[in-house]
Amino acid sequence: MNTPQTKSTASIAVGGAKSAGRWMLQGGTVVALVLLIIFFFAMRPDVFLSFTNVRNILYQVSILAIIAGAQTIVMVVGDFDLSVGATSALAGAVAAAMMIGGTPIPIAIIVALLVGLVIGLVNGVLIAYLKLSAFVATLATMTSVVGLAFLVTNGTTLFNMPEAFNQLGQGRMMDIPIPVFIAIIISLILWFILRFTTIGRRWYATGGSAEVSRLSGINIKRARLIAFTAAGLISALGGIILAARLGSASAVQGEDNMMFSVAAVFLGMTVIRSGAANLGGTMVGVAIIGVMSNGLNILGVNAYVQQVVTGLIIIAAVTLSSLRHKER
Amino acid sequence: MRSKITALGALAVAAALTLAGCSNGGSTPAPTNGGGDAPAPSEDFKVVAFTSGNQTPVGAWWVKAVTEKAEELGWDLTMVQGDFDFQKMNPAVESAIGQGADIVFDGYTDYASIGSIVTAAKDAGIPIFAIDSGTEPTDAFVVNVTTDQQVLVDQTLGAISEALGGLEGKNVMVIGHDPHAGIRMRASLAEADLKAAGANIAGGSIQKVQSPATGRTEALTLVADYLAANPNGLDAVWVGWDDAALGAAQAINEAGAKAVVTGSDAVAEAIAGILSDGAFLATSMQPWPEVLDMVIADIEEYRATGTLPSTNFVAVEPTLVDASNAKDITPSDQLG
């Protein structure tokens with residue numbers, strides 16, 4: 001009589017542990033975000049969740065959110081783009097140089113966006129049609145684009161852009177910085193495209209299995225080309241907003257956005273069951289990076305320690321992501 | 001297949017044309033002869049000049065100024081531009097020394113990063129003259145002319161003290177960047193002097209920016225976060241260089257705080273910030289054209305008589321730039 005009972009208890013315990021493990025695996029990133037928020041709130045209850053500080057966090061991650069959105073698209077198709085940071089810097093520099101030279105703001109912005117689009121197009125051609133690896137192709141374009149940015153800025157920091165342009169990055173609506181609204185709008189558009197449009201589904205299909213997609217009639221070359229082109233365009237938008245936010249543009253501005261955008265997408269890949277890149281997850285990843293940086297700053301943690309912790313979190317995210325893939 | 005070959009061919013042609021069109025522009029890692037169109041030197045005086053900081057405004061000015069001086073003085077100049085890549089720059093300089101040189105001229109590259117170049121120059125028996133290549137005397141150079149970091153700190157802290165009515169009990173954040181020897185030294189001096197004056201160091205110690213490339217956004221975030229946690233907890237921010245100081249000033253202006261900021265470098269944007277009546281109080285101008293003239297005079301003396309400078313370390317005084325003189329200053333990023 002006792003034996004079956006013991007077996008039953010053991011099986012419940014093991015099943016419970018398994019489901020807890022699976023739950024941690026599936027919801028680990030979101031749980032980590034919640035735990036981080038609880039931890040920092042417990043450490044500084046008077047400050048951390050105050051309106052000013054939450055607005056601060058949103059403001060600080062808004063540009064990363066835009067660039068991470070771009071990175072999400074190329075990671076959905078199974079690639080990655082090392083040139084997003086350089087593209088954003090060049091676009092910001094082009095817009096700034098043109099405006100300082102007297103070009104009207106809308107034209108300068110359009111040209112800068114086209115610069116990003118062309119860089120993305122070049123990446124897409126190199127990767128989809130000339131079959132270069134995404135690592136080599138985007139590393140090469142990153143190098144050239146940084147050089148172009150130095151040529152555009154002449155190695156200096158460009159400033160004295162029109163006030164109306166700076167308002168794009170520094171202005172507020174309902175006491176919320178404008179870049180936050182722009183990041184939300186871009187994220188919603190990307191989420192819609194990825195979830196509800198044909199091209200979004202083709203991107204996911206290509207990332208899932210390029211060969212199966214090809215056999216199913218999907219033009220995977222064109223899908224990858226469009227993904228990289230869109231990433232270039234969105235990165236350029238991020239760079240333009242960054243130039244407006246700082247009121248200046250330089251060749252290396254925001255270069256850490258590349259690494260953090262990849263980190264955010266990896267963090268987000270653990271959020272959904274399939275383990276694929278997804279926009280909602282990326283935004284959770286962006287939030288983790290923002291909350292961590294802000295919380296550690298508020299606690300006065302040394303910048304070098306912050307860097308170590310950030311690296312460890314990325315390792316944890318990639319490990320979680322890898323475990324998810326194995327589980328599938 | 002044919003379309004791939006055509007595409008590759010087109011790429012190759014485009015790359016060749018681009019390289020041909022750009023062959024006179026941009027920096028090169030390999031040694032280049034800066035003598036260009038200069039008249040044939042009356043005496044064969046070979047100079048190997050190098051800088052790792054050619055992508056900074058002051059470094060770019062130095063490359064141009066030294067090249068012009070070389071033409072004027074009839075040097076046979078080899079200029080190596082390192083792009084902050086010592087793995088690329090050091091062997092290029094050593095190779096140029098190996099091909100025969102009379103002197104080496106170091107611009108803005110800390111001696112800690114060029115040990116192999118110092119060894120190569122010693123082996124070749126030639127002296128190294130330097131500008132702003134370390135904050136302390138070293139046998140690596142026959143002369144290193146730089147700015148006096150203590151005077152720079154005295155001047156900028158003096159401006160803060162005057163604006164705040166003294167430093168006693170005031171909360172002052174110090175922002176530095178350790179990999180840059182000059183910034184590291186002046187940040188340490190500022191922290192020590194602030195403590196000695198009875199100020200509180202906001203955040204407990206020097207706040208460290210990790211990368212000069214993202215210095216402005218890092219400083220902006222640091223100060224914004226600190227002000228969010230301590231809304232009235234900051235009276236001043238002392239920053240080791242202007243780009244990060246501009247980020248700190250922006251955070252203070254956006255938060256509507258009353259704190260003041262000082263920087264160092266006197267770049268055009270910082271001068272505009274000082275003149276705009278915002279949080280940016282003052283910066284420090286380091287007299288690089290005068291420093292270059294001093295080192296060139298030493299080199300010419302050595303060329304003419306073989307006499308080396310009497311001291312291997314000279315620290316010149318910088319100039320404080322505030323609202324009273326900002327209009328009269330030539331920004332360091334617009335030197336030439």
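Predicted model: local features only at pLDDT ≥ 70, side-chain atom pairs only at ≥ 80, totals over all residues.
Before we start, residues are numbered from 1 along each chain as its sequence is written, and chains are lettered from A and ligands numbered from 1 in the order in which they are written. As for confidence, local features need pLDDT of at least 70 and side-chain atom pairs count only at pLDDT 80 or more, while totals for chains, interfaces and linings use all residues.

Let's begin with the domains. Chain B is split into domain 1 (27-146 + 288-316) and domain 2 (149-286 + 321-334), with bounds that come from an automatic or database domain assignment. Taken over C-alpha atoms, the centres of these two domains of chain B are 32 Å apart. Where they touch, 8 residues of domain 1 are in contact with 8 residues of domain 2 (contact means C-beta atoms, placed from the backbone, within 7 Å). The domain 1 side of that contact has 4 nonpolar, 2 polar and 2 charged residues. Here Ala, Val, Leu, Ile, Met, Phe, Trp, Tyr, Cys and Pro count as nonpolar, Asp, Glu, Lys and Arg as charged, and the others, Gly among them, as polar.

Now look at strand E6 (residues 143-147) of chain B, where 5 of 5 residues are buried. Buried means that 20 or more other C-beta atoms, placed from the backbone, lie within 10 Å of the residue's own; strands (E, at least two residues) and helices (H or I, at least four) are DSSP runs, numbered from the N terminus. B:Val143, B:Val145 and B:Thr147 sit on one side of E6(B), with B:Asn144 and B:Thr146 on the other. E6(B) pairs in the parallel sense with strand E5 (residues 128-131) of chain B over 3 bridges, and also with strand E13 (residues 313-316) of chain B over 4 bridges; pairing takes at least two DSSP bridges. B:Val145 is the bridge partner of B:Ile131, and B:Thr146 stands opposite B:Ala315.

Helix H3 (residues 86-98) of chain B has buried residues too, including B:Met89, B:Val93 and B:Ile97. Among the elements covering them are strand E2 (46-51) and helix H4 (115-124) of chain B. Just after H3(B), B:Gly100 has a positive phi of about 110°.

Finally, the contact between the chains takes 27 residues from chain B and 27 residues from chain A. On the chain B side, helix H7 (215-229) is one of the elements that supply at least two residues, and H7(B) gives the most, with 9 residues.

Note on methods. Buried ≥ 20, exposed ≤ 12 C-beta atoms within 10 Å, placed from the backbone. Contact = placed C-beta atoms within 7 Å.
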